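Welcome! Please take a first look at the model below, and then we will walk through it together.

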Amino acid sequence: MSEPKRYTITAALPYANGPLHIGHLAGAYIAADIYARFLRLKGEDVIFVCGSDEHGAAITIKAKKENTTPREIVDKYHALIRSSFERFGIAFDIYHRTTEPVHYETSQDFFRILNDKKAFEVKESEQYYDEDAKQFLADRYITGTCPKCGNENAYGDQCERCGSTLSPTELINPKSTISGNKPVLKRTKHWFLKLNEYQEEIAKWLDTKKDTWKAHVFGQCKSWLDAGLQPRAMTRDLDWGIPVPPEFEGAKGKVLYVWLDAPIGYISATKQLFKEIEATKFDFAYSNNFSNRIKNRKADDWKDYWQSKDTQLVHFIGKDNIVFHCITFPAILKATGEFILPENVPANEFMNLEGDKISTSRNWAVWLHEYLDEFPGREDELRYVLLANMPENRDSEFTWQDFQNRVNNELGNNLGNYIKRVVDLTYRFYSGYVPTKISADDVLYFQKQASPVKYIEIFDAISETKKKVAELIKIFRFKEAMQQIMELSSLGNRFLQENEPWKLIKTDPEVVELIMYTSLQITANLSMLLKPFLPRTAERIEHMLNIKKENWYEGNILLASGTKINESEILFPKIEDEQVQQQLDKLNKSKMDNTTAGNDATENKPQISDLKPEITFDDFSKLDIRTGKILEAEKVEKADKLLKLLVDVGFERRTIVSGIAEHFKPEEIIGKDVSVIVNLAPRKLKGIESKGMILMAEDETGKLYFVQASGVNAGSVIR
RNA sequence: GGCGGGAUAGCUCAGGUGGUUAGAGCGCAGGAUUCAUAACCCUGAGGUCCGGGGUUCAAUUCCCCGUCCCGCUACCA
């Protein structure tokens, strides 16, 4: 591919139901920020967009629980996330949000375009509707007799006895599992993206990415394509989201699928960005971060960044978002016929914390806003450690011990100390003035000397490092790029050590000038190289050296002779053992608070759970709920979520299958008091008949709790 | 369960389209030095490259089987 004319960089939209943690940063934002800063430094035409993803269920659930509105929840977290990014130094051009009018319009327009382009198939299906419950029934809410094998307890999507795939309307004698009534067929519409029709195009396009995309990204896409793409519903019967455009028949009560709306957020953020640029009124945009090339542009210019063939689009995401960014969203973009597809999607894997998966629900995380408060002015240290351990090709691990080691040794002892050495020596020898520039004569002179000053090699190394770093960034190998920079710093240390200017100053002051001149150029080049990686540090070095470089400079001489530099400062004070201990104590506390181990609640957006319709007392009294005690528990074969329980419900012992295996280990729940619905119709799960249901409470994070009546014998009635 | 990715030094990670001694940083041991944040520099010890089979003159690398970790997906009434 020829050099692109401009770049559009996106970073995954954080979900506005919680704060940011180090996993987010290591997964997408640091890499994206380095990439964007580097391109800006090179003077490229680049935009870097992001924003809060504010639709979806976790938000309404949280709102209900906190007795507030979804709006307040998203306002709160949007503000927290935005300010955390700002303080940390992720240099977006714009940080937008999906509840903004621009985004509603853009998303709805997309919906219209997709419709015009016949990318949808409207399944105006006859969907079963429960008149009592006043709601449409998803496949699993319907049971009936299997037309193929006669099993009376087949489900709307599948018969578990004969294994056939069914649709609800094929069932004989369908029954709503909510009310037990016979549901009626009612017409409802859903808009399905005909992904299957884009199979070939997407496959062909992806095939061209084989060599440039990461193995895990390409592999995952390939596996989806091999399985065959299926139409996917792009609408939902929900109430928090972007409404299906009202002119569509049957739009009422339907919203866009959150995964349709979210990536369009990249585009609406871009629109908003150029709107604000034209109006020179910056509500969401950060004009200080702008690449020179986007200043003074017009509102309509957003199109260049999404529709122009010579634009390179790159999505930075975590590995959990691969399929949507590499298949579904590209299919959507393709379907419009107007948009470009991503050049690369350099998804990172996950970062673990102290040996465990990062988990919001278990409070097992290093929260960015807390770090910023507890380690003020030390943003780059975190940036560095997350970068050094960035999970580029496999999962990685963050530990506080490693944080301390890396900050103290690599940043402090190698880099920070080196800069300070050079600056201090410059003050000692030359009162802070950069020594004489080497002339051609000097070069000859020193070349003839058999002195150990191998300064030419140093300048070669600087050039080489700059070249390598630039290349590595372009192929998204940020970790390695950073290592190259650290090696240059190491080389600087070695150069001083080998030449010992503090000794030579007494005997060969001219040689010392050369040594120091060379060393100062190394530090100046380090500051430039560090700009994309450790921007705050780069600024502080620039301040020490009294230089200001806005643009990448290919040459090696960045610091003119005679420049008066500023006095040294300590760039990276040591991280003390107590600070590490404090953080470990904090994590330990989280661990203690989690008395129920192994809660791996998914932090993805769960399906919305609407308030259920009112029922009568009669309805309620149909339920027979009793206390019980778990006697035995074991994992169900070939099912990750199911536990087979033997429960004493007073009058008998029952086998109950419950979907709690990801939350509880079998051995730790034996003897637990539980509440059981004992008159629920038996149902087979993975071949085991389950007679009844264990009641569980679920908090907003997805964590489960047993509903327990303490001190009561098994078999007591709950009413 | 299906699919994808991974497993390399005590720790955190690179790398290898098959070919003498598999790398880095940290940690550890020894030495040198004193300009600098007790920093820097040099030297050294340390690895059946997850296990088992196969292909090959040759496997850590390719193929098959297995184990464990992560993601997607199915199972959650």
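We begin with the protein chain and then turn to the RNA strand.

This is a predicted model, in which local features need pLDDT of at least 70 and side-chain atom pairs count only at pLDDT 80 or more, while totals for chains, interfaces and linings use all residues. Residues are numbered from 1 along each chain as its sequence is written, chains are lettered from A and ligands numbered from 1 in the order in which they are written, and side-chain values use heavy atoms, with hydrogens and water left out.

Chain A contains 21 helices and 28 strands; these are DSSP runs numbered from the N terminus, with helices (H or I) of at least four residues and strands (E) of at least two. Of its 719 residues, 53% are buried, meaning under 20% relative accessible area with a 1.4 Å probe, counting protein chains only.

Now to RNA strand B, which 57 residues surround, each with a heavy atom within 4 Å of the strand. The closest are K319, E397, N417, R428 and K641. Of the RNA atoms that come within 4 Å of the protein, 74% belong to sugar and phosphate.

Which helix gives the most to this surface? Helix 12 does, with 13 residues, and this helix spans 400–430.

An N or O atom of the K420 side chain is 2.4 Å from a phosphate oxygen of RNA strand B. R421 places a polar side-chain atom 2.5 Å from a base nitrogen of RNA strand B.

Conventions:
A polar contact is a pair of N or O atoms within 3.5 Å; within protein, one must be able to donate a hydrogen and the other to accept it, and residues adjacent in sequence count only if both atoms are side-chain atoms. Buried means under 20% relative accessible area, exposed over 50%, partly exposed in between (1.4 Å probe, protein chains only).
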